Amino acid sequence: MIRYVLKRILMMIPVLLAVSFVVYFLMDLAPGDIVMQLAPTDATAEQIEQLRKDLGLDGPLLTRYFRYVGNLLKGDLGQSLSQNRPVMELFMDRFPATVKLAVGSLIVAIGISFPLGIAAATHHRSWLDGSSMVTAMIGVSMPSFWLGLLLIMLFASKLNLLPSGGDSGFLSLILPAITLGANQAGSLTRTVRSSMLDVIRQDYLRTARAKGVSEKQVIRKHALKNALIPILTVLGSTLGNALGGSVTVEAVFAWPGVGRLTVSAINNRDMTLATGCIIMFTLMLNLTLLAVDIAYAFVDPRIRARYSK
Amino acid sequence: MKLRKITALLLCALMAAALFAGCSNDEKPGNTPSGETKYKEEIIIAIGDEFTTIDPMETTAESNQIVQDCTHDLLTDTSLDTMSNAPELAESWEMVAPDHWKVKLKANVKFHDGTILNTDDVLFTLQRAIDGGYGGPSSVVQAIKEIKKIDDLNFEVFLTKPNVDFNYVMASNTFAILSKEAFETMPPEEAVAIGTGPWKFKEFVSGDHVTLERFEECTLYPVPNTKLLTFRMIPEANARMVALENGEVDVIMSPNATDFSRLSETDGLQLLTGDARTQHFIAFNMKNTNSIVTDPKFRLAVAYGYDKDEAILAAWDGYARKSTSNMSRDVEYYADIEGIPYDPEKAKSLFEECGAVGKTISLVTSDADHRVKLAQNFQAQMAEYGITITIELMQNSALTELNTSDGTTSGVEITIASWTPGMNADYMYRNPLHSEGGRNYCQLADPEIDAMIDAALSELDKEKRAEKYLELQNKIVTEVICWVPIAQHTIAFGAVEGLTGARLHPGLVHQFKTVELKIEG
């Protein structure tokens, strides 16, 4: 097991390097120049060139990239060009808010998708199944900014029950978590339903029913547990994606997460900050997927047995 | 059974939490004991763009400079009462020669660390700007050859080249005066927050808010009645509006034009408006000799045929003032000239004469909402004359890069852009119209215009200088026509009724030095 985890961690290094390469080069290819943004509007050509030199942006692209990677291998994500602060520090300033929103939205998504998906599967081809799937489709199709603004209008503006935005405690988390969670719940509901449908038709469940086990017990203890593997995979990638920040939800609710930080870095052509944020996002996604793989072992004894060999 | 209990408990917790949320706004006007006048302890201002640093040298972004204006001061600044360059930390200045100035500082101005402002702080600030390689104050660094201390409050400035507008250079937001002693006794990241303004830096939560507290020993301004001033970052204009209506914030910046009437008609709210100094314009690439835009007849036709009222309605719902000149209204030496009036018939015949009818011309602009609308409206207007306009949108920094690259090869024909100048006329002309200007979007390289700009700057007599700028204005707008001025848009705040001291700045660095909100019982 430990060897497997170590192997997976080592495999992340080439992934991160590849991501850094792609992002760094794409950022350089994109039109726009951070030096023009940082220089005052009346700066002369000489002043602009001097600033480019001061920021370390005057050398050839490959030289700059290898210098960047050299620092990256030492764990240094560099200095933000637009904010003149270490990228890691800027990222970590925002990361707790992103984790809060990611976890909050996942709780909402699970809270909606599990009952709906299970009900749809156990009442296959009934009105309950149909309405659950329609609800799931609505969740997936609703644009986050639209749902977010509607929730703000209702709960903040009309009812004055919840704050309209910002990160000022538990109450401020409710609306963004619902907005993001509703979107995630759509696809999760469909996964729960199809996994449950696969399991429900298995012989061992028929046996359990024949032995007189109640339907609730059959679903909770036998069916759900066995249906968890594909659900865990989707949950893992949903959480991983949410840890990268949701730009739309963060913008609507003024949520201080990494999504807004990354987008503003890209808009400002802040190469080191954008690359650093995306590398950190890739790392988070990989770690989450690794955690999901490890979690498989806990829910499936067959996998556990394979690890122990 | 268990599940039901958990669900019930969760619902109860949510309802209780919501109940507390509903009761949390206890500082709204009218909620205080009757009879006495009190001030709201904390004023919260919602800003759209992110605040990123308290260091004035690091940034030219308005969202940062608005906060820095509360904590730091400049040697001179724009007085919003007189709309002229006025003393701030400098008590007076004297131009000994166009390249030699004498400045006297105000006495007993206290920094947040308790030290008193003196010449060494000015020298230190300049040295930091030189050593640090900061982009922001590079024009100040470039302008100054040497500063010589005379005594604690007086110093001489020797310039690299003559500049009769040096008092405006001292008003650069990136050249806020820092405390030398603070840098000697504190870590730099703390020392840089030490200024002389009426507000002290208290807390910054990245992406969320920055909080300032009043500077009790402030000697330069009256001590504010408000204890705390918080700038909350709310990127969405609709969300800012809801936050104001909901009582979560007291001021919102840049509300949507569609919300202006709602703000002025809603009880308990107010709308504050003014003209931005920003000049929006259509620029022709004067170096693109392959394009019809270098034909003076075509440019004149566009100037005659472009209905600015219609454009203003499309881009800002009518909330902008039509421009007839390339100069913005509150810039020194602005003269109200007639420009080229809207005359579609004249435009039609000129377009036919120059062979523009049936042609396809490209237009580039940034993806900002008002620019997209201006571009689409221009496209529709030109279609009426039989000209096809293709629009290419790009991110703002990409547009700047494209328009400041070599105009002979960039392929750009028409650009919709804007320019927010300082108060001095030279800045208004030099950057967008001088061949060496940093933002010469129309790629103008006209030796006659260059000479006129330089001559106006070196003219000492105010009346003669005004004449020179008037001549330049007419030449640019009616003869050269390298750009067609469109409008200066309306800037606005939405605020709680009774709030005072929030001042709109045409240069977009709005002022909150004396902001307060009376709570009357």
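Which side chains meet in a salt bridge of 3.3 Å, N to O, in chain A? They are those of Arg206(A) and Asp203(A). The model is predicted.

**A bridge along a helix**

Arg206(A) and Asp203(A) sit three residues apart in helix α9 (residues 203-210) of chain A, so about one helical turn separates them. Arg206(A) is exposed, with a relative accessible area of 53%. Asp203(A) is exposed too, at 51%.

**Salt bridges in chain B**

The structure holds 39 salt bridges over all chains. One of them joins Lys513(B) to Asp69(B), with the closest N and O atoms 3.4 Å apart. Lys513(B) lies in the loop between β20 (499-500) and β21 (516-520) of chain B, while Asp69(B) lies in helix α2 (residues 62-71) of chain B, so the pair ties together parts that are 444 residues apart in sequence. Lys513(B) is buried, at 6% relative accessible area. Asp69(B) is buried as well, at 5%. Both belong to a network of salt bridges that also includes Asp73(B) and Glu88(B).

Asp259(B) and Arg262(B) form another salt bridge. Here Asp259(B) is buried, at 7% relative accessibility, whereas Arg262(B) is partly exposed, at 35%.

| Salt bridge | N to O distance |
|---|---|
| Arg206(A) and Asp203(A) | 3.3 Å |
| Lys513(B) and Asp69(B) | 3.4 Å |
| Asp259(B) and Arg262(B) | 3.3 Å |
| Glu50(B) and Arg260(A) | 3.4 Å |

**Where the chains meet**

Across the interface of chain B and chain A there are two salt bridges. One of them pairs Glu50(B) with Arg260(A). By class, the side of chain B that touches chain A has 15 nonpolar, 20 polar and ten charged residues.

How many residues of each chain are in contact? The count is 45 in chain B and 42 in chain A. The area buried between the two chains is about 3,700 Å². Carbon and sulfur atoms give 50% of that area. Ser206(B), Val242(B) and Arg439(B) supply 13% of the area that chain B buries against chain A, more than any other three residues.

**Aromatic rings**

There are 22 aromatic pairs over all chains. Phe281(B) and Trp483(B) form a tilted one, 3.8 Å centre to centre, with 50 degrees between the planes. Phe281(B) lies in strand β14 and Trp483(B) in strand β19 of chain B, so the pair ties together parts that are 202 residues apart in sequence. Phe281(B) is buried, at 2% relative accessible area. Trp483(B) is buried, at 1%.

In chain A, ring pairs link a cluster of Phe21(A), Tyr24(A), Phe25(A), Tyr65(A), Phe66(A) and Tyr68(A).

Note on methods: Residues are numbered from 1 along each chain as its sequence is written. Chains are lettered from A and ligands numbered from 1 in the order in which they are written. This is a predicted model: local features need pLDDT of at least 70, side-chain atom pairs count only at pLDDT 80 or more; totals for chains, interfaces and linings use all residues. Side-chain values use heavy atoms; hydrogens and water are left out. Contact means heavy atoms within 4.5 Å. Buried area is the accessible area (1.4 Å probe) that two parts lose on being put together, summed over both. A salt bridge is a side-chain nitrogen of Lys or Arg within 4 Å of a carboxyl oxygen of Asp or Glu. Ala, Val, Leu, Ile, Met, Phe, Trp, Tyr, Cys and Pro count as nonpolar, Asp, Glu, Lys and Arg as charged, and the others, Gly among them, as polar. Rings of Phe, Tyr and Trp (its six-membered ring) pair if their centres lie within 6.5 Å; planes under 30 degrees apart count as stacked, over 60 as edge-to-face and the rest as tilted. Helices (H or I, at least four residues) and strands (E, at least two) are DSSP runs, numbered from the N terminus. Buried means under 20% relative accessible area, exposed over 50%, partly exposed in between (1.4 Å probe, protein chains only).
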